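Hello,

Here is the structure I promised to hand over to you. Please open it beside this email, and then follow along as I go through what turned up.

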Amino acid sequence: MNGKMKALVKHRRGFGAELRIVDIPAINETEVLIKVKATSICGTDVHIYSWDAWSQGRVNPPYVFGHEFSGEVVEIGDKVTSVKIGDYVSAETHIVCGTCPQCLTGQGHICKNTKIIGVDTQGCFAEYVALPAGNLWKNPAEMPLDVASIQEPMGNAVHTVLAGEVTGKTVAVIGCGPIGIMAAGVAKAAGAAKVIAFDLNDYRLKLARDMGADYTVNSGQEDPLEQAYNLTDGNGVDVVCEMSGHPAAINQGLKMATNGGRVSILSLPVKPVEINITDDIVFKGLTVQGITGRKMFQTWQQVSGLLASGQVDVTPVITHHLPLEEFEKGFELMIKGECGKVVLTP
Ligand code: ZN
């Protein structure tokens, strides 16, 4: 499709972004052009917008960023058979190689050659986005546009929570950004006996309660370890979902886990973290696992099913809707933590 479109461009190596008029992207024979209907701001986008150390080493401005969206297929490449014009889709944001040992053994989410949409390639903070057909996930017609756009981060929550047994277990969610808030809801839906959410931000703790957390602990005002042990009859927590990235919180997570428990880490600490492997992992027999991305496409199926069945209602997490033009306001809310998910409409 020829023509121009509005797009939010990471325009320079520095703070901020700029709304520009750019060419509508061209597609190749295996790609699809999608008209973006809703797009949500991810923590990764905030890193890029703020131009932190990670983004300085990773992204190359100028380019269109953003990777969470829902939209309609408007053009397909000659070899595309999996979707048709008019389909309502979202996308897995990891573009994987399909040929490395991980991809060949069904573990595409840990592909050694992963490229991330909107980080390593052109993204979706725009009126149109061009993507490989193999990354698309078809949405049910009745799924609201904003809900469909946040399936990707919800997939992180689902992947983390459901990486081991949850039913009947006590679950701690440490760090209540939008993914942590959704993790509380997913754990509840999966039959957790008790979900305890930890954060420093009361606004976000309230959202975690709205999503189903049984107890919330403001770690700045109460001792998180004391609370975790009090709430589990002194036993400690069975499953810890670490989503804060904070060194002290990571240590608290290991210490609040009960012997034989699971600690699943989705967060990305900016620096190496010192931990007591001897006492806090080995002698406790903990399982500590890293979680990255979403299983393709097992996690997408779980997300879709949890939403369609009503087992998880993510509407409390979506706190703001703004036109793309008001992106500055959206990023400011994200930086201050005064929001759940912020959805932009191109
Ligand atoms: Zn691969």
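At what angle do helix α6 and helix α7 pack, and how far apart are their axes? Before I answer, please keep in mind that this is a predicted model.

**Two pairs of helices**

Helix α6 covers residues 178-189 and helix α7 covers residues 202-211; the two pack at an angle of about 25°, and their axes are 7 Å apart. Because angles under 35 degrees count as roughly parallel, α6 is roughly parallel to α7. The crossing of these two helices, α6 and α7, is right-handed.

From α5, the contact is made by Q151, E152, M154, G155, V158 and H159. From α11, the residues taking part are T299, W300, Q302, V303, S304, L306 and L307.

**The zinc site**

Next, please turn to the metal. Which residues coordinate the zinc ion? The answer is four cysteines, C97, C100, C103 and C111, each through its SG atom, at 2.3 to 2.4 Å. Along the sequence, these donor residues follow the spacing C-x2-C-x2-C-x7-C. The angles among the 4 donor atoms are 103 to 120°, and the site of the zinc ion is tetrahedral.

C103 has a relative accessibility of 15%, so it counts as buried, since the cut-off for buried is under 20%. C111 is buried too, with a relative accessible area of 8%.

You will find C111 in the loop between α3 and β8 (115-116). Leaving aside its neighbours within four places in sequence, C111 is in contact with V96, C97, C100, Q102 and C103. C97, C100 and C103 in that list are also zinc donors. From C111 to G98 there are 13 residues in sequence, and their C-alpha atoms are 7.9 Å apart in space.

What about T99, is it buried or exposed? With a relative accessible area of 60%, T99 is exposed. T99 is placed in the loop between β7 (94-95) and α3 (101-104). The C-alpha atoms of T99 and V314 are separated by 35 Å, and the two residues are 215 apart along the chain.

**Backbone details to look for**

Where are the cis peptide bonds I would like you to look at? One of them runs from P61 to P62, with omega near 0°. P62 sits in the loop between α2 (53-58) and β4 (63-64). Another cis peptide bond joins M296 and F297, where omega is about 5°.

W51 has phi near 60° and lies in the loop between α1 (43-50) and α2. D233 has phi near 55° and is found in the loop between α8 and β14 (237-242).

**One last residue**

Finally, please find Q227, which lies in helix α8 (residues 224-230). Its relative accessibility is 19%, so Q227 counts as buried, the limit being under 20%. Not counting residues up to four places away in sequence, Q227 touches V217 and E222.

Enjoy exploring, and write back with any questions!

Best wishes

Methods:
Residues numbered from 1 in each chain as written. Predicted model: local features only at pLDDT ≥ 70, side-chain atom pairs only at ≥ 80, totals over all residues. Heavy atoms only, no water. Donors = N, O, S within 2.8 Å, 3.2 Å for Na, K, Ca; no water. Tetrahedral: all angles 85-135°; square planar, octahedral: opposite > 155°, others 65-115°. Buried < 20%, exposed > 50% of the residue type's maximum accessible area, 1.4 Å probe, protein only. Axes fitted to C-alpha atoms, helices over the stretch in contact; angles between N-to-C directions. Helix = DSSP H or I, 4+ residues; strand = E, 2+ residues; numbered from the N terminus. Parallel < 35°, antiparallel > 145°, perpendicular 65-115°, else oblique. Left-handed = near helix turned anticlockwise from the far one by under 90°. Contact = heavy atoms within 4.5 Å.
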